[in-house]
Amino acid sequence: MQEEFVCAGFGGQGVLFAGQALAYAAMDAGRSVTWIPSYGPEMRGGTAYCVTVISDQIIGSPVVRQPSAALIFNIPSFDKFEPLVAPGGILAYNTSLISQTSQRIDITQVPVPATDLATMLGDARMTNMVLLGAMLTAHPILPLQAVEDALRDHLLAKRPERLENNRLALAQGAEFVRQMQAEAV
Amino acid sequence: METMTAPLELQTVYQRPNALEDTYTNYCPGCTHGVAHRLLAEAIDELGLRDRTILVAPVGCAVFAYEYFDLDGCEAAHGRAPAMATGVKRALPDRIVVTYQGDGDLASIGAGEILHAAGRGEKISVVFVNNAIYGMTGGQMAPTSLPGQKTSSSPKGRDVAMTGNPMRMSELLAQMEGSAYVARRSLHDPANIRKAKKAILTALKVQEAGLGFSMVELLSSCPTNWKLTPSEALKWIETNMLPIYPLGDYKVADAVRDL
Amino acid sequence: MARELLKGNVAIAEAALRAGVEAYFGYPITPQTELLEHLALRMPELGRVFLQAESEIAAINMVYGSACTGTRTMTSSSGPGISLMQEGMSYIAGSEVPAVIVDVMRGGPGLGNILPSQGDYFQVTRSAGHGDYHPIVLAPASVQEAIDFTMLAFDLAEKYRHLVIVAADGMIGQMMEPAELPPMRPLPTKRPDWALTGADERPKRVISSIYMSAEAAERFNLKVQARLKEIRRNEQRSTEYETDDARLLVVGYGSAGRIAHSAVVAAREKGLKVGLFRPQTLYPFPEASLSKIISRIQGCLVVEMNAGQMIEDVQLVAAGQVPVRFYGRMGGVVPVPEEVLAAIEQAYDSMSELSLAAPA
């Protein structure tokens, strides 16, 4: 089983961080994992993105044409990746900044006002964790706890004071999706 | 008139410096490379540096310099001696590292490397032999060739409108913050040769004291390619080169004055 | 030491550090810059030499100078910079001093782009500077191999007093993958007996690449060729996957090799008898192992991120015994496993037609 996550947005929205959090969580869960960023001039233009591949087998290519999952933070990234999500895949996107909607019926859509929810928590920089929490709740390939542990053990190991906000943001995204699912039922 | 009597004890007043090999060189008769070699070797001897000096030879007439000096030595690619010397010096900061370069090597193909070595204040000493021509390849125009100078690649004389004016490397390198000592001397007569020796001694002392980049430019003769006799060639330096390349100290950092 | 999520460029830099690199000289160029940046931070911490040169030409000559002192030394770059370094590489080879160069390949020719490519295969295996020699070339296909091969590069460089190139590409350089770093090796305490240190109570030493007479230059060349022969005998490295019963052999190295691996797995799931051969040394080319497999298969498919360069080495080994087909992408396009699978299926079909057409 292989999952390919693309995280895309403006530089500064924490998209590379979100992809790495996922990668560390998967590594600690004993899965094969690769992470690769878009690099060079693109970083200074519209969208920054990264691809995290998680698999039970050896991963051939860290680069994918059609990701199975997309976390989209801004309009240019939506325009670029919405058509690329593999059929049967999942698209989580930040409706606080993205007004368009997807007409695709062959993918699962998870629209989340991630920046608004993060701002309500008092820190708009937590947009990335809100959307990641939402994604992993709609598509539970790893428990949220695994991401929290990965943040604690790796990415925020030297900044433990930031853990709590990240944890709250993950939970906020998860809660939003659970309510959405409850309403749908 | 008194009769000469043999002294009771013979005194050695002149001998081959330890830092020079007892060998023949490939230099042409009357070329001042031999003088420049001797001055560098004497200076190394006098400062007691022979056993910790590493020589970086250039491409040009002095390509075999490592065969003439009794020093550890290596041979750089054309123009790259300052970069190679940087590698040696950074690896072994307590050694004395000397490059010996001609004008084609230093001012043409290696202009970038020498400029940046000086810019970094690389603690190396450069002996720069300026004879206003490419010697080894047979007398082509160098960046240091004089306006109107006839060479095999400027057969009607250097046309400055077409090929620019002589590049004054000492003046240029003196502008670098990293340069501690930059001087131009000439080898056309004994008085100037003695001054050249003092300058080379200073350059080595500057390196020993870790004060920064040091270079001594030596105006030299190339009788073969200038198509002059050795004595005419020395006169040619005085008459033609000195007006374009004034002698003097172009950079003497304050700390150098205290040496 | 635990597995960490490491970026290829950083992993190579850290591996070099642990292999005991004492002096690094380099010039920034994408996609290898993190390698230089990591050493800019770490080398001074450890009291070692880091210097950003004014150009790749200067960088390689600084490496040359420091290598002459018996110092463990390296540089890193990408295609355009490697081109500028060719002069110095040739001098290093001509002087028999050890040095390690990392080439994180990008799309070319010219300025090209900064995306992953394997377009420098000829450059590093064939024409790494003027004159008659080949560097040893190692091609990692993962971050772990990038670490292991960087360590190995220093060992081989010193064992053979030869130039070793680690030929990675932008994908290996930029990606993060779990990998394990080796412990820090102790630095050498003694300089080798050829190193320039100053002629202190010993005869002077000279390091040069000049051999003026034809006889002397030929003697030196024969010595280099003898060493290369020894390298070809001792240092061929490769890995294989599902080659025992394979009818079609896919051959790929580095990033193309790992992508081909996924395609071979998928082909096996479809019941095709396909195997993978992945050279880990590009020079020496692992001809001994490849030759054994070629004797029992019906066809080869070479996969590269270039217009077909290693295919020439495969063809030399195949020597007309089996058809050798090619699939490649260029200019920084990374092939995905699905398209390699399609090429495998096509090659497999044409091979079946061939064997059907062949006389009994």
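This is a predicted model: local features need pLDDT of at least 70, side-chain atom pairs count only at pLDDT 80 or more; totals for chains, interfaces and linings use all residues.

User: What kind of peptide bond runs from C:Tyr283 to C:Pro284, cis or trans?

Analyst: That bond is cis, with omega near -5 degrees.

User: Which other residues does a cis peptide bond join in chain C?

Analyst: C:Thr30 and C:Pro31 are joined by one, and omega is about 10 degrees there. C:Pro31 is found in the loop between E2 and helix H2 (33-45) of chain C.

User: Back to C:Tyr283. What stands opposite C:Tyr283?

Analyst: C:Val137 does, with C:Tyr283 belonging to E13(C). E13(C) is joined by two bridges to strand E6 (residues 136-138) of chain C. Those two strands run antiparallel.

User: How many strands are in the open sheet of chain C, and in what order?

Analyst: Seven. The order is E3-E2-E4-E5-E7-E6-E13, and the pairing is mixed.

User: Which strands stand at the edges, and why is one side of each left without a neighbour?

Analyst: Strand E3 (49-52) and strand E13 (281-283) of chain C are the edges. Each has a single partner strand, so one side has no neighbour in the sheet.

User: How many degrees are neighbouring strands turned against each other on average?

Analyst: The average is 20 degrees, with direction ignored.

User: Helices now. How do helix H1 and helix H6 of chain C pack?

Analyst: Helix H1 (residues 8-19) of chain C and helix H6 (residues 143-160) of chain C meet at an angle of about 30 degrees. Their axes are 8 Å apart. H1(C) and H6(C) are therefore roughly parallel to each other, as angles under 35 degrees count that way. The crossing of H1(C) and H6(C) is right-handed.

User: Which residues make the contact?

Analyst: From H1(C), they include C:Ala11, C:Ile12 and C:Ala15. From H6(C), C:Ile147, C:Met151 and C:Phe154 are among them. By class, this contact of H1(C) with H6(C) has 10 nonpolar, two polar and no charged residues.

User: Let's switch to the chains. Which pair shares the most contacts?

Analyst: Chains B and C, out of two pairs of chains in contact.

User: And how far apart are chain A and chain B?

Analyst: Chain A and chain B do not touch, and their nearest C-alpha atoms are 28 Å apart.

User: How many residues of chain C are in contact with chain A?

Analyst: 18 residues of chain C, facing 18 residues of chain A. On the chain C side, helix H7 (170-174), strand E8 (176-179) and helix H9 (254-269) each give two or more residues. H9(C) provides the largest share, five residues. That side of chain C has 12 nonpolar, four polar and two charged residues.

User: How many residues do chain B and chain C bring to their contact?

Analyst: Chain C brings 33 residues and chain B brings 28 residues. Elements of chain C that supply at least two residues include strand E2 (23-26), helix H3 (56-68) and helix H4 (79-95). The largest share on the chain C side, nine residues, comes from H3(C). By class, the side of chain C that touches chain B has 16 nonpolar, 11 polar and six charged residues.

User: What does H3(C) pack against in chain B?

Analyst: Helix H3 (residues 81-91) of chain B, at an angle of about 45 degrees. The two axes are 6 Å apart. H3(B) and H3(C) are therefore oblique to each other. H3(B) passes H3(C) in a right-handed crossing.

User: Which residues meet there?

Analyst: B:Met84, B:Val88 and B:Arg90 are among those in H3(B). C:Met62, C:Tyr64 and C:Cys68 are among those in H3(C). The contact of H3(B) with H3(C) divides into 10 nonpolar, five polar and one charged.

User: Which strand of chain B pairs with E9(C)?

Analyst: Strand E2 (residues 72-75) of chain B, in the parallel sense over two bridges. B:Gly73 stands opposite C:Val206 in E9(C).

User: Last one. What are the scores of the model?

Analyst: The model scores ipTM 0.91 and pTM 0.91. For chain C, the mean pLDDT is 95, and 98% of its residues reach 70 or more.

Note on methods. Residues are numbered from 1 along each chain as its sequence is written. Chains are lettered from A and ligands numbered from 1 in the order in which they are written. Two strands pair if DSSP finds at least two bridges between them. Helices (H or I, at least four residues) and strands (E, at least two) are DSSP runs, numbered from the N terminus. Axes are lines fitted to C-alpha atoms, for helices over the stretch in contact, and angles run from 0 to 180 degrees between N-to-C directions. Two residues are in contact if their C-beta atoms, placed from the backbone, lie within 7 Å. Ala, Val, Leu, Ile, Met, Phe, Trp, Tyr, Cys and Pro count as nonpolar, Asp, Glu, Lys and Arg as charged, and the others, Gly among them, as polar. pLDDT is the predictor's confidence in each residue, from 0 to 100. Angles under 35 degrees count as roughly parallel, over 145 as roughly antiparallel, 65 to 115 as roughly perpendicular and the rest as oblique. A crossing is left-handed if the near helix is turned anticlockwise from the far one by less than a right angle, and right-handed if clockwise.
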